[in-house]
Amino acid sequence: MPVGTIEMSYQRVVITGLGAVTSVGLGAASFCDALRKGTSGISEIEGFDTTGFHITRAGEVKGFDPDRWIRELNPSALGRSSQFAVAAARMAIEDAAIDPEVLSHSECGVTIGTTEGESQLEFRLVQQWVSDGPASLDASLVTQTPADRLSVSVAREFYLHGEAMTLSTACAAGNYAIGHAYDLIKTGETDFMLCGGVDSLSRSALAGFYRVGAIAPEICQPFDANRQGILTGEGAGLLFLESLASAERRGTRIYAEILGYGTNCDAQHMTAPDPSSIAGCMRLAHSNAGISALDIDYICAHGTGTPLNDAVEAEAIREVFGNQPPPTSAIKSMIGHTMGAASALGSIACALALHRGFMPPTINIQTPDPKCGLDCVPNEARTAELSIVQNDGFAFGGNNAITIFGRR
Amino acid sequence: MNRQVEPLVVTGWGIISPIGIGRAAFTSALAEGRQGRKPVTGYANGEIPFSEACQIPEFDVENFIGKKGTRFLDRTTRLTVATVGMALDDGQIAVTPDNQARIGVVLGTNVGSIKSIGDFMRDTLIHARPYMVNPMHFPNAVMNCAASQSAIWHRLKGINATISGGRMAGLLALRYAGLTLRLGNVDTILAGGVEEFCEQTAWAFYHAGRVGPEAGIPLGEGCAMFALERAATAQEQGRKVLAEILGCEVGVYQSNDDRTTGLQVSGLASCIRKALERSGARTEDVCAVFLHHCADPELENIEDEALNQSLPQYESLHRLAVSQLVGDCFSAAGAFQLSALLSFFERFPEHSDRVALMTSVAHNGSVGCAVVRGNAKWQQ
């Protein structure tokens, strides 16, 4: 092959395994069940001391037992985010019914998106520093803290020797990770990828979002006229990707095909999103996926529940889709804002929606905000045969990433 | 299976290092073998667990982007914003409304500014209420701040990615940027790595046993960014091509149940072999190696053994561990290795039709290698 050309016979890329660690259930089946029922995963925070906070509710994963999922690594030598990532990876591999031994002998890699990495370990170190000084830090925690551990721990648990990459592009990071894994398979760099996003509940995120007035007191109500903000959350969503040819060869179940993705950057403001830039990202995603806006049957919104985010997202959607945009729901109403996991869990919701024929609801809707002008699938899931769906992910710093999925 | 990859070209770069700010200063410092090690400054006695480091006290962001709007930027962000600007200038890449959506940033880091994160968390503990934090500091405590601020300051609306890669950050940034450019998603990417010196990193290194008080390689800081494009884009834009990034391979090779490093050695050797193959280069084409070496004898041995296995001429090659001069710069280390490599080709144009390697190894089992060719056609 001559130098200077990329092979033009791209692989089609499909999702054949799903792993979810969420406040509404573990594994694809229970996550799917919760999405269909509109279950809320919001509860009182138990994972850290909430003394002094006025808001003490979040989408926390309760009763997670790392020993059940982590076999090769020592679970107590991993932070909570790495534990979630490894658990979700095991679920995805089991769901894909592929022998980990096969993956270990392939070029299978891992890409994980995150906002805060091992924030709980960082916080414990800061606590030690504040109370006893920096000479007292627990050295074992120090080496567990770097965020590259999220992807490398998955690689090590399953003896994968491919590229392990942690993308820390905040709340759009899950889509970044899925997009990059898609590119690696599409171009034939590898046959298999594990990809997704993870974060664990963070005390400093609660403090920061509360301080800027972005936390809702009780419930998260994206696209409701009276929405008051986000609730923080945690979890992991991992997808097992392979080429369509490989999936067909294995004769395995295909949840959905990844048609493409788009990323861009507002380059305007760290915290205020830019509707025209977000609309541009949607158009880019459509164009990369080889579709038009008219082809989209459903949008899994970024939908955080803050007055500003939802207004901006709705404005961008109307700019791209006109006055009759497709139904657009926000699963953050159920699981809170799971940060780096958010767009990965949104992608899983899209794969399940395509495969099982439904639209997840936006729960807690009392009065849909007419200014948003969206059908937010209020309160109850809707049965629907979907062909092509869009998953939005937007982040601090104006990092936007949107994935497009199609039914197989 | 090992298909050749389309080369990327380096059309400009910028660097803020403990031995010089700017390409020219860094290149001449390297030629002189200047040491970046100096007594720790800016901290009271006892605040840092060692007496020497490779800091850059003379770096002042206002020299690069002026005073306005810089007050709340943390050091990681300041270093990155300034270095991205240098790389754009060096490549004479004018950002316009027409091309800004086609220029992106891919930044390698560990966790962003650990100082911003640590200080923000500290604020939740020391005030009367946990939420009495400074809202202006909140975005700094998110890992993608430096890359996003670089986009804001330089109006770069293309893909903006932050990679938490630690010692692998430089190579991972090259891989991510390479795939993105080859797919045509953007035309130009500013890719590289950053690390800031701060009390949090100093103590973390101290506790992890990575840097003893008088270790051979002190802790360093800095940032290097490279303007990368496809050859066709560079030609179209009339850019100077400084070098070509060819193969770049990474992997994770560590057995979980013992401390033997054999798997990591053979893993790195296979990355080197594959990267050379995919570059269309032979082992005898290699004229220089730019090592990661970070004062941990175990990691250094892995690197040396793998290179020895891969290159028969290894012992007689031009070899440089830039960390000996700039210190252990962790997630900027790979970017500094590439800087040293580019400086080498600039100083020794007679080698420009050959290739040089840079290798990285990490304690977590990750290894990798990139192959870079000089540009014989390019005359300063």
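**Entry 1: Pro218(B)**

I started with Pro218(B), which sits in the loop between α7 and β8 of chain B. Helices here are DSSP runs of H or I with at least four residues, strands are E runs of at least two, and both are numbered from the N terminus. This is a predicted model, where local features need pLDDT of at least 70, side-chain atom pairs count only at pLDDT 80 or more, and totals for chains, interfaces and linings use all residues. Residues are numbered from 1 along each chain as its sequence is written, while chains are lettered from A and ligands numbered from 1 in the order in which they are written.

Is Pro218(B) buried or exposed? I found 29 other C-beta atoms within 10 Å, so Pro218(B) counts as buried. The cut-offs are 20 or more other C-beta atoms within 10 Å for buried, 12 or fewer for exposed, and partly exposed in between, with C-beta atoms placed from the backbone.

**Entry 2: α4(B) and the chain contact**

I checked the length of helix α4 (residues 114-126) of chain B: at 1.5 Å a residue its 13 residues should span 18 Å, and the end C-alpha atoms are 18 Å apart, which agrees. The expected span is 1.5 Å times one less than the number of residues. Buried residues in α4(B) include Ile114(B), Ile117(B), Phe120(B) and Met121(B). The buried residues of α4(B) pack against α4 (119-132) and α8 (203-211) of chain A, together with α7 (199-207) of chain B.

Next I took the contact between the chains, with 67 residues from chain B and 65 residues from chain A. Contact means C-beta atoms, placed from the backbone, within 7 Å. Which element gives the largest share of the side of chain B that touches chain A? α4(B) does, with eight residues. By class, that side of chain B divides into 36 nonpolar, 22 polar and nine charged residues. Nonpolar covers Ala, Val, Leu, Ile, Met, Phe, Trp, Tyr, Cys and Pro; charged covers Asp, Glu, Lys and Arg; the others, Gly among them, are polar.

**Entry 3: domains**

I have chain A as domain 1 (13-250) and domain 2 (262-406), with bounds from an automatic or database domain assignment. Their C-alpha centres lie 20 Å apart. The contact takes 60 residues from domain 1 of chain A and 58 residues from domain 2 of chain A. On the domain 1 side, α7(A) gives the most, with seven residues.

For chain B I have domain 1 (8-236) and domain 2 (246-374), with C-alpha centres 22 Å apart. Here 48 residues of domain 1 of chain B are in contact with 34 residues of domain 2 of chain B. The largest share on the domain 1 side, seven residues, comes from α6(B).

**Entry 4: helices against α13(A)**

I looked at helix α1 (residues 27-37) of chain A and helix α13 (residues 342-356) of chain A: the axes come within 10 Å and cross at roughly 80°. Axes are lines fitted to C-alpha atoms, for helices over the stretch in contact, with angles from 0 to 180 degrees between N-to-C directions. α1(A) and α13(A) are therefore roughly perpendicular (65 to 115 degrees; under 35 is roughly parallel, over 145 roughly antiparallel, the rest oblique). Their contact has seven nonpolar, no polar and one charged residues.

Helix α7 (residues 173-186) of chain A also meets α13(A), with axes coming within 5 Å and crossing at roughly 65°. This contact has four nonpolar, four polar and no charged residues.

Key: Two residues are in contact if their C-beta atoms, placed from the backbone, lie within 7 Å.
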